[in-house]
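Open the model in your viewer and keep the selection tool at hand. The tour below goes stop by stop.

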Amino acid sequence: MRNALVLACALLLAGLTATPAAAQAPADEQKPQLAGFEDMKAARAALDEIIRAYEAGDIGAIQARLDPAMIGFQRFLDGMRRDTANLKQTRLHLFEANVSAGPDVAMIQAAWEKRFFGVASFTPGLFTGRSTFLMHRAKDGWRLAAVSGDNPFSSESGVLATLTVMPSLIPVASLALCPGTFPGLGIELVDPDLAGLASATIEVFSSQGDREVLTLTALSPGRFRPTTFPVPLCGEALPPTPRNGKIEINFLAVPATLTFRYIDANPGANRPPATLMRSVTIR
Amino acid sequence: MNLGSRKARVVAWPAWCGPALPFALLALAGSPAGAAEGLQDNATVLAQFAQASGGPAPQLVAGEDGATKIEWHGGATVDFYSRSASGGATLTPYSGGHYHRIGMQSDLRGTAPEGDVSWMQFALTQSDDPSAILLGNSQINTLSAGRAGLGYRVAFGDVAVNHSSLGANMPLRGLLAQRYFGQTLVSASAGVIAESWEALADQGRRRMFLKNAYALKAETPFGQNLQAYATVQGYREDGDSVGANALALVPSSGNTATAGLNWREGRYFLQAEGGLSRYGEKGLDGHRDRALIVDGGWQGDKLGLRLGHHDLGRYYASLSGLAGAGIRESYANASWQTTSWMSLTGDVRRSENQMAAPPIPPPTPTIPPTPVTPYTPFVGKTEAANLRAQFTFADVPGLGLGLTVGESHGKSSGGGSNRNANQGASLSYMRPAWNASLGYQNSTLKNSLAAGSDSRSDTWMASYGRNWSDATDIAPASWMLNATASGSFQRQHLENGTTSTLNTLNLVVMGERSAWGRLSAILGGSRGHDATGGALRQHWYQLDAGRALGQRGGIRLYLRGMSSFQDRSAIAYRDKTAGVQLSYAF
């Protein structure tokens, strides 16, 4: 990679210092085009307009301003419609914006927080992320061409999930004997792409050979915690039995490592399905 | 400020790309007093510039031909405000306290006799308000410098790489260089993809891996109508760039090569690009994948047709924000001005989402010692159609009618199905002194994987606006007043038999008098109940007054507040802000 970077820079710098005669640009490229702050401001205003329409649930207004050739057009629209029906009182707060602009293109990087209430229980929810909004200048103004990174508009269009498992170290002496439980283990999965689903699953496996599937229940749209609490984590003097619904630790063979794994089907940022893992050490 | 109005020629110029320049501009922009003094004359400004940069000042020599022009535009705003807020972080982004916010921007440009333009753009926000900047108290909003001229462009800092849909299309902190060799354009970029300049400098502010990236593109025309191009790009995430346990992700890398063409002849056009990529996660098996997009069409005087097909593999790894992976879709779109009073836009498409949510229950785990369960792809297929009609009436100028209807049906590989249907109508009437509109929308959502949220929504919207001013046919207005009242009434019926409602009213009044300034006021409220039967009560207000101070300055006073669900302690939140803003632009 580093060699490639050096090569790329060297090639370009060599090209830039070539003889002027070589620099014969087509006629329509002769006038340099530069974006100014007014362009950036207009692009940001167009993005804010889309955000206000999204908060108001006016998906038709957003659709009218999308290019039909946008890759993932229908996934984007269906996700927004699903959000409008499932998430009420949506408020999208953009902050820490950074703008890169070129001729007829503006790229707005920003962090966001999306607050909402679930439609069924009216439970409040909060999603966070960071996006790059690609804005293209069209004849009738700036248009949203794409959203990369975490997509704040559309469930299922890709936001990186977060998996939290606490604590990361458990003394073996604190484990109850099987079939006991361990109330101190906190597990939370937040995946905005699953907003509306009642449950999600994660996989847990241990260095001693145990393997279990934990079902998590939605507390609010996209936020999941273990259905069974306290988590059935216990110790015994035998090797663990996979898939028996209990996370067993052979306390004669510690230290052991528990690994919790969740596959985010669409983590955004052009990333293919990603594996999220958290580890807990038992000693 | 337009130094170029002096028609000056630059004889000596400090190093444009020197490291002192950003700090020099920052120092200049950071002093409101300095900015005010900057209006005095060119010599003062350039002396300040030289003092801040530590180099010799650019000398301005009057040129008879007006060849070289230096322009410096910028501005600063300073806000002081107090806010009271309650509700907690889950309900509101705001916290109470006394805050300030300073925004500065500077756009410095020099145009050489041959037309080459050099520039340096910088914008910064400094604030102690955590809702504006979560970590730290300053944020570089834009930092860019470069030079562009006949057949070349070089840019440093924040660069917008816009090579192709499947190749590279993203912001980069680094270098962009483009040059024509004959008719062939070569473009190259290299740098780091980071969340911000602050995250690039400080590991404590990173929430994602730093991504080292490069991108190359060569494009050449073949005849008058065809352009062909090829791109190569790659990236590698730096696994050590974030603290231990900050991310549950594995760092990845990707390399992509694409080739494409743009063709246009008469009324026909075609754009196509294909790409191959290799993606890998540290410690895991790599994946090769491919992508293809084809978009074409025909544009007549009254009819426009567009057809396209996109097929991007699940593991297609590019540097383009446009290239959403795991998509296969085909579409046809038509816009038709059927008569002078009616236009139609229709769209049909079939799409396949290979990155849909996983099925419930999950795939069966494998037996140890296999380290992890293999990922089972979950695919959603959707067919959709949309139609929009717009009518105008020659007999009733100002009257317009819009109708929309759309539907999509989806099926998933896990046996699930979903359906979205929506219809809408809007009637609007616009006169010089007033306008009115009435709209209705209906949508139905069904999803077998989330049946608890299946619902049907009906929304009515109405608005009435009135304008007053002293404008005449020959004289512009010296004052104006605008008032708009709007309301929306929404009912959502959930499949489980419950109903939620929300009725909203909003009044906006705006006035402006050239000698005084401008004033706007917003007052609104909503009433309803959620699906559990709990009452929903909100109200909000905003008062904003501003006036110019001299030719370039301004002052603004604002007061705004929102109060939500105060009779329900579990979800109650409110905020109230009062502040003053001073601004200066040059």
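**Stop one: a salt bridge across the chains**

Select B:Arg306 and A:Asp67: their side chains meet in a salt bridge, 3.3 Å from N to O. (A salt bridge is a side-chain nitrogen of Lys or Arg within 4 Å of a carboxyl oxygen of Asp or Glu.) Chain A and chain B have 3 salt bridges between them.

A note on the ground rules. This is a predicted model, where local features need pLDDT of at least 70 and side-chain atom pairs count only at pLDDT 80 or more, while totals for chains, interfaces and linings use all residues. Residues are numbered from 1 along each chain as its sequence is written, chains are lettered from A and ligands numbered from 1 in the order in which they are written, and side-chain values use heavy atoms, with hydrogens and water left out.

**Stop two: the whole interface**

Now select chain A and chain B together. 107 residues of chain A are in contact (heavy atoms within 4.5 Å) with 143 residues of chain B. The area buried between them is about 10100 Å²; that is the accessible area (1.4 Å probe) that two parts lose on being put together, summed over both. Carbon and sulfur atoms give 59% of this area. Pick out A:Phe37, A:Ile71 and A:Arg271: they supply 8% of what chain A buries against chain B, more than any other three residues.

Next, show polar contacts. There are 29 residue pairs in polar contact between chain A and chain B, both residues at pLDDT 80 or more. (A polar contact is a pair of N or O atoms within 3.5 Å; within protein, one must be able to donate a hydrogen and the other to accept it, and residues adjacent in sequence count only if both atoms are side-chain atoms.)

Which strand of chain A gives the most to the side that touches chain B? Select residues 87–102: strand E1 does, with 12 residues. (Strands, E, are DSSP runs of at least two residues, numbered from the N terminus.)

**Stop three: aromatic rings**

The whole structure holds 16 aromatic pairs over all chains. (Rings of Phe, Tyr and Trp, the last by its six-membered ring, pair if their centres lie within 6.5 Å; planes under 30 degrees apart count as stacked, over 60 as edge-to-face and the rest as tilted.)

Select A:Phe116 and A:Phe127. This pair is tilted, 4.8 Å centre to centre with 50 degrees between the planes. A:Phe116 lies in strand E2 (residues 105–118) and A:Phe127 in strand E3 (residues 124–138), so the pair ties together parts 11 residues apart in sequence.

Last, select A:Tyr54, A:Phe76, A:Phe133 and A:Phe153, which form one aromatic cluster.

Terms used
Helices (H or I, at least four residues) and strands (E, at least two) are DSSP runs, numbered from the N terminus.
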